[in-house]
Amino acid sequence: MIFRSIMDDKWTLVNKKKQNGGVKSKKEQKRLMENMPIPDYRDPMVSAQLDINKRKVPGGDTGEIIFPSAQKSPRHTKKPAQANVPPKKTISSTETLSKFNGDDLLEIYTRQMVTFSSQPVICLANLASHVNIAFDPNSEIDPAYSDEPEDFPMSSMNTGALKTIRSILSKHNKATLAALVSHLVNSMLNENSRGVPTFGYRLFIQVILRTHSTIVLDNIKEYAELMQSNKTHPVRFHMLAWCFVQASKHDFNVGCRVLMDLFMPYINNKSVADFIITFAENLMAKGPKSNDSLTYRDFIPILDLLYS
């Protein structure tokens with residue numbers, strides 16, 4: 001309010017207030033910014049206003065406002081040139097078997113015996129695993145070894161290394177070797193299901209059963225259950241059959257028990273019948289030529305099962 005004094009004829013400003021358009025201090029500006037309401041972009045009114053404020057951008061009719069921070073410069077990454085790498089050559093099982101060293105195997109066995117002196121089965125199983133992992137993962141094409149020599153893999157093993165393995169196994173009794181064979185048979189099946197070669201396990205099984213063939217007879221029920229559980233898996237069935245055939249190489253009587261108790265129950269299975277008949281034929285051809293021969297009582301049931 002402006003008041004004019006009559007006495008001195010001067011104008012006086014009364015109740016002076018700050019105008020809204022006046023300059024505010026920095027503190028007031030800061031307070032004003034902090035208390036300023038934040039727009040809710042989900043509000044339809046706010047969204048409508050933003051649509052009105054859209055402006056045209058080069059290269060489009062109705063482009064949205066692009067903030068500098070959101071703009072990204074295009075990256076031109078050059079793809080590395082793919083080198084023509086030749087496929088890795090598969091090392092055959094025969095080549096691997098020939099490279100084993102007897103002294104190295106003996107050293108591994110000695111260290112294992114120090115660690116597992118009271119558990120020889122674990123010691124021998126670890127030695128067999130060491131031999132097994134040396135083979136190329138792609139080297140076991142035919143798990144039944146149908147195209148390999150009769151004495152494979154022993155026939156391809158380095159002579160010194162094979163002699164060392166035989167010497168190591170001869171230090172343990174039959175019960176230990178029987179437990180080892182049971183462990184190796186199950187390890188063979190497990191590794192095969194994972195696509196891992198089983199040459200090392202089967203090498204030890206072969207060496208043991210060629211010397212201690214009666215181990216199969218002592219555990220015939222256990223092995224019969226394994227054959228039963230794998231009768232619908234031809235590959236696994238042939239692998240088991242290969243193991244038990246090793247016991248019959250030098251013992252005709254064991255071969256007959258293997259044929260009758262382990263193989264004949266599955267003669268009607270077309271996927272394994274050919275293998276069983278071939279084994280029976282070879283067994284009879286290699287049978288004893290002396291007084292120790294099959295009687296009619298033993299032979300007629302075999303014929304009945306084969307041709308029924």
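Predicted model: local features only at pLDDT ≥ 70, side-chain atom pairs only at ≥ 80, totals over all residues.
Student: Which residues of H5 and H7 meet?

Tutor: On the H5 side they are Pro-120, Val-121, Leu-124, Ala-125 and Ala-128, and on the H7 side Thr-176, Leu-177, Ala-179, Leu-180, His-183 and Leu-184. By class, nine are nonpolar, two are polar and none is charged.

Student: What makes the contact of H8 with H11?

Tutor: Helix H8 (residues 199–211) and H11 pack with their axes 8 Å apart, at an angle of about 35°. H8 contributes Arg-202, Ile-205, Gln-206 and Leu-209, while H11 contributes Met-239, Trp-242 and Cys-243. Five of these residues are nonpolar, one is polar and one is charged. Arg counts as charged, so Arg-202 is the charged residue of this contact.

Student: Which helices supply at least two residues each to the lining of the largest pocket?

Tutor: They are helix H11 (234–245) and helix H13 (270–285). H13 gives the most, with six residues. The pocket holds about 640 Å³ of space and is lined by 23 residues, with Val-245, Lys-249, Phe-275, Phe-279 and Asn-282 nearest its centre.

Student: How does the lining of the largest pocket divide by class?

Tutor: Ten of its residues are nonpolar, seven are polar and six are charged.

Definitions and conventions. Residues numbered from 1 in each chain as written. Heavy atoms only, no water. 1 Å grid on protein atoms, 1.4 Å probe; cavity = no way out; pocket = protein on both sides within 12 Å on 5 of 7 lines; lining within 4 Å. Points joined across faces, edges and corners; volume = space filled by probe spheres on them. Helix = DSSP H or I, 4+ residues; strand = E, 2+ residues; numbered from the N terminus. Axes fitted to C-alpha atoms, helices over the stretch in contact; angles between N-to-C directions. Contact = heavy atoms within 4.5 Å.
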